[in-house]
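Good morning, and thank you for coming. I shall present one structure today, and I ask you to keep the sequence and the model in view while I speak.

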Amino acid sequence: MEKIYITTAIPYVNGAPHIGHAMDYCLADTYARYQRMIGSEVKFQAGTDEHGNKIYLKAKELGVPTETYVTENAEKFKQFISELNVSYTDFIRTTDAEHERRCQEIWRRLKEHIYLAKYEGWYCTGCERFVTEKECQENHGVCPDHQKPYEKLEEENYYFRISDFKERIFEAINSGEMLILPDFRKKEILKLLEDSPDVSISRPRSQLAWGVPVPDDDSQVMYVWIDALANYITVLGYPDEDISEWWPAKAQFVGKDILRFHAIIWPAILLGLNLPLPQVLVSHGMVLADGQKMSKSIGNVVEPMEVLNRHGLDAFHYFFLRHIDTFADSDFTWDKFEDAYNNELANDLGNLVQRLATLAQKNNITLGEINPNLPAEYCELMDNFEFNKAFDFAWEKVQGINRKIDEEKPWMLAKNGETEKLGTCMRALIIELFSVNQMLEPFLPTATEKIKTVFEKEPIAPPEVPLFPKS
Ligand code: MSP
């Protein structure tokens, strides 16, 4: 049995979750469920990123102690991923004492690649990152993602010598040893890597109070990204425990906005620790609302619980995994969501189940044991993280079964008393439905479970409440 480790980016807890945060979880959860279905043992991390000035300042603004603030928000994220039915196995908070201690040990182990130097430059607290003079000029001094002016910083920081690893990272990305998906992002990263300077990895305590203290230097605190990235291995017990059972990760899911940290700084840390690189970095696009980035100031933030409560979990998963592109930016609109629910989930799949189960009930159809095999084409798409395409592939089969019912008209066979032909036709249709149902399992875990129950019961009976009641 293959052992597989899957990770998700850990969100900042400076607010409640929004629908964009669901992307990492939906994609990673689908992959985890697929892997389990084909027999792998899966370890699946999730967590919260709780350090840094962004969080510290937000708590201060609200007049709440930082510890209380992060604990309350971490709870909201935990709640959200359980509402989403994410099948994670491990949850990490970066304020866990164990994590902090392990980060300090990691720092010590990286010591030969770390040096102290003066820093003078521009910083965005929204991104929690320094930008180059060129980037600052190009953006006219204001971060385009956060609409905040860059801050000028002059301080003494520890630096991580990325240059020690550049060549090795370049090779790993280029050869596919650390695969970056989608391919066009790989090219962007290789370009960025070429120009990548050494990174500042600490801030004076006077400037950043809320973070992991740098070991053996009380005056400095670790840069939030160092402690955040380390979560992927501290949650496995590194460096106290041997993590080779799970590491390297099979797949790490991150948004395109944070790929640069995962494709440059993260591999440099791993190489500095003599650990292998992750096999695949899957970088998804952004979820937009009405074509725009979601933001509180524009007032277009879509509340995830509102979407979940509208038509339930399966509708949420359906939309995010089929209609939101796995790799490119995509739009959420209520109209699109309602259309997808009514015209596809309810009409195509819900009606199909209702029709077939009603016909089976009326005509006393019985089934032997059914053990469908997954089609190779579907597996290939799933193995390549082409989730939208795998979902489309399965959905075409759903529509195919509906067409077949219309063509073969089993109700006419019943009317004409052609019992044997009717039995063969119905069993073939239900077997096809079972095969589709299996392909849909990683995407729609609750609906597919219900469908199985409907047809595994003897005698077969349609669900009392349709799977997807029309709104
Ligand atoms: N704390 C860092 C991640 C550290 S990982 C070691 C962070 N947090 S975040 O809250 O800003 O984002 C968490 C994840 O949500 C990231 O993968 C990010 O790309 C994703 N998304 C945040 N907004 C999003 C959308 N609007 N759409 C899709 N994904 C989005 O970055």
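I shall begin with the basis of the model, then turn to the ligand, the strands, the helices and some backbone details.

This is a predicted model, in which local features need pLDDT of at least 70 and side-chain atom pairs count only at pLDDT 80 or more, while totals for chains, interfaces and linings use all residues. Residues are numbered from 1 along each chain as its sequence is written, and side-chain values use heavy atoms, with hydrogens and water left out.

Let us start with the ligand. How many residues surround the ligand? There are 25, and the closest are Ile10, Asp24, Asp49, Asp257 and Val287.

Which elements supply at least two residues of the shell each? They are α1 (22-37), α8 (224-234) and β13 (251-255). The largest share, 5 residues, comes from α8. Helices (H or I, at least four residues) and strands (E, at least two) are DSSP runs, numbered from the N terminus.

Next come the polar contacts, that is, pairs of N or O atoms within 3.5 Å; within protein, one atom must be able to donate a hydrogen and the other to accept it, and residues adjacent in sequence count only if both atoms are side-chain atoms. A polar side-chain atom of His21 lies 3.2 Å from a ligand oxygen. For Asp24, a side-chain N or O atom is 2.7 Å from an oxygen atom of the ligand. In the case of Asp49, a side-chain N or O atom is 2.7 Å from a nitrogen atom of the ligand. Taken alone, the ligand exposes 650 Å², of which the protein buries 92%; these areas come from the Shrake-Rupley method with a 1.4 Å probe, and for residues only the protein chains shown count as cover.

I turn now to the strands. An open sheet of 6 strands runs in the order β3-β2-β1-β13-β14-β9, with parallel pairing. Two strands pair if DSSP finds at least two bridges between them.

Helix α3 (residues 66-83) lies across β2 (41-48) and β3, running at about 160° to β3. Axes are lines fitted to C-alpha atoms, for helices over the stretch in contact, and angles run from 0 to 180 degrees between N-to-C directions.

There is also antiparallel pairing. Strands β4 (residues 114-124) and β8 (residues 151-160) pair in this sense over 10 bridges. Glu120 stands opposite Glu154 in β8, and the bridge partner of Trp122 in β8 is Lys152. Trp122 also stands opposite Val131 in β5. β4 and β5 form a hairpin with 4 residues between them, and Glu128 in the turn has a positive phi of about 50°.

Another helix pair deserves mention. Helices α10 (residues 304-311) and α11 (residues 313-323) pack at an angle of about 115°, with axes 6 Å apart. The residues of this contact divide into 6 nonpolar, 1 polar and no charged.

I close with the backbone. Most residues other than glycine have a negative phi, and most peptide bonds are trans. The peptide bond from Leu181 to Pro182 is cis, with omega near -5°, and Pro182 lies in the loop between β9 and α7. A cis bond also joins Tyr238 and Pro239, with omega about 0°; Pro239 is in the loop between α8 and β13. Finally, Asn85, although not a glycine, has a positive phi of about 60°, and its place is in the loop between α3 and β3.

Key: A residue is near a molecule or strand if one of its heavy atoms lies within 4 Å of it. Contact means heavy atoms within 4.5 Å. Ala, Val, Leu, Ile, Met, Phe, Trp, Tyr, Cys and Pro count as nonpolar, Asp, Glu, Lys and Arg as charged, and the others, Gly among them, as polar.
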